[in-house]
Amino acid sequence: MSTFQAPIGTHDVLAPQSALWEGLIATFAQFSFQYGFTLAMTPMFEEIGVFNRGIGEQSDVATKEMYVFQDRGERTYALRPEGTASVVRAFIQHQPTSPYKAWYVTPAFRYERPQAGRYRQHHQLGVEAIGTDDPAMDVEVITLAWRFYQALGLTQVRLLINSMGHDECRGRYVDVLHGYLEEHREQLCDEHQKTWSQNPLRVLDCKRESCVAVVNDGPLLPDFLCADCAAHFESVRRGLGALGIDSTLEPRLVRGFDYYTRTTFEFIADSLGSAQNAIGGGGRYDGLSEQLGGKPASGIGFGSGIERLLLARAAEGVTSNLINRTIDIFVVDTTGQESATVVVDELRRHGYAVERSFDSRSMKSQMKLADRSGAAVALLIGPQEAASGEITIRDLRGDDFERAQRRVAREDLILTLRQHLNK
Ligand code: HAM
């Protein structure tokens, strides 16, 4: 009978790789806490309108990439392709005190052509700050991302930044861009020759050479910003500058979703050197709450792909562990009684990470497992130890000759381990 595989474009994450995931998520949780963000868990699927209205019906993600399904009650849902729209939907529904600052870790689903760094299920770490348009919040959100990348050991990361203005100034720009693209429509890529006029901004996001060439000579968004939006953007850049965070103005950065207004940004990992080198991105979405039926509430956030962060770390040769995932003690028991069960429970209650073997294996086979486990010490319980109420502690560090071994009374075990393991 044939066996099953994980679906195309998805991956199982198992040890030892999964320890890196744990470390990454734990580090992000700690940063989020330090910056005043609280965890938000929202459903994996939403009514399709949350995404269609949120990210824009014309966006690539909505038209080509969403996993849409009908449930047994014939309601139409979509698996979340990104995290922002759901958090804003939850903000509208529950009306928490604002600014509401949330962080999340979530799978995201996009039916894309899988390739290195691009998957049908990827995972994002992200934050959203809803209820303020203060440029200091833009700086805070971008800084969180930047310091997080630094903590991961990444050094080859560039911050690209732009402002898309608000409805009015962007509207003026889109009109001019529309006129420009109309003149050059025959030079656009096949897809955009057909779709350019529905949403001209999407052409700026196109990576195909023909569109890039047209866009390169076209009008630039920052030239159309109104005085308020220009001042807002200036303030964000000044704030970043004051913190020593370099940002490069990228006037063609519009990003893929329709909800963006004002500040938009992307973090590029130069070590990845491929088309999939954006390790994070985000921006303001000051109109999104209203678009989803809520009261006006400005917001800003970013999302970062866990897979790409790990690819960037590997590409830069960063090997540091973000979290210690080696166990302390391996218990070897050849008596076949409850000794191992009882000792393991006691050790764990004292805070040690402990493993043991199962299935009544031989002493030799249990010692092999102990060696492989990475534990610092093995505890041996054989017939002699059982008879005398003792336990043998064997050092597993160093080679065979250096491995000290001693027997201690059962009641002295924890104290001896505290001294021996220094924890
Ligand atoms: P996004 O740029 O579409 O933005 O995704 C954020 C990050 O997720 C990307 O920079 C990339 O690292 C990762 N990513 C995206 N698609 C894939 C994929 N198919 N495979 C692997 N990694 C991927 C958003 O999703 C917005 N919600 C970000 C945001 C938050 N804006 C405001 N707040």
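Leaving aside neighbours within four places in sequence, Arg-308 is in contact (heavy atoms within 4.5 Å) with Gly-117, Arg-118, Leu-272, Gln-276, Ala-278 and Ile-279. The model is predicted: local features need pLDDT of at least 70 and side-chain atom pairs count only at pLDDT 80 or more, while totals for chains, interfaces and linings use all residues. Residues are numbered from 1 along each chain as its sequence is written, and side-chain values use heavy atoms, with hydrogens and water left out.

**Arg-308**
- A polar atom of the Arg-308 side chain lies 2.7 Å from the backbone oxygen of Gly-117.

**Ligand surroundings**
- The ligand is surrounded by 27 residues (a heavy atom within 4 Å), and the closest are Glu-82, Thr-84, Glu-112, Arg-255 and Tyr-260.
- An N or O atom in the side chain of Glu-112 is 2.5 Å from a nitrogen atom of the ligand.
- For the side chain of His-122, the distance from an N or O atom to a ligand nitrogen is 3.3 Å.
- An oxygen atom of the ligand lies 2.9 Å from a polar side-chain atom of Arg-255.

**Cysteines**
- The whole structure holds 0 disulfides (cysteine sulfur atoms within 2.5 Å).
- The closest cysteine sulfur to that of Cys-189 belongs to Cys-211, at 3.6 Å, which is too far for a bond.
- Cys-226 is in no disulfide, the nearest cysteine sulfur being that of Cys-229, 3.7 Å away.
- Cys-189 is buried at 5% relative accessible area, and Cys-226 counts as buried at 18%.

How values were computed:
A polar contact is a pair of N or O atoms within 3.5 Å; within protein, one must be able to donate a hydrogen and the other to accept it, and residues adjacent in sequence count only if both atoms are side-chain atoms. Buried means under 20% relative accessible area, exposed over 50%, partly exposed in between (1.4 Å probe, protein chains only).
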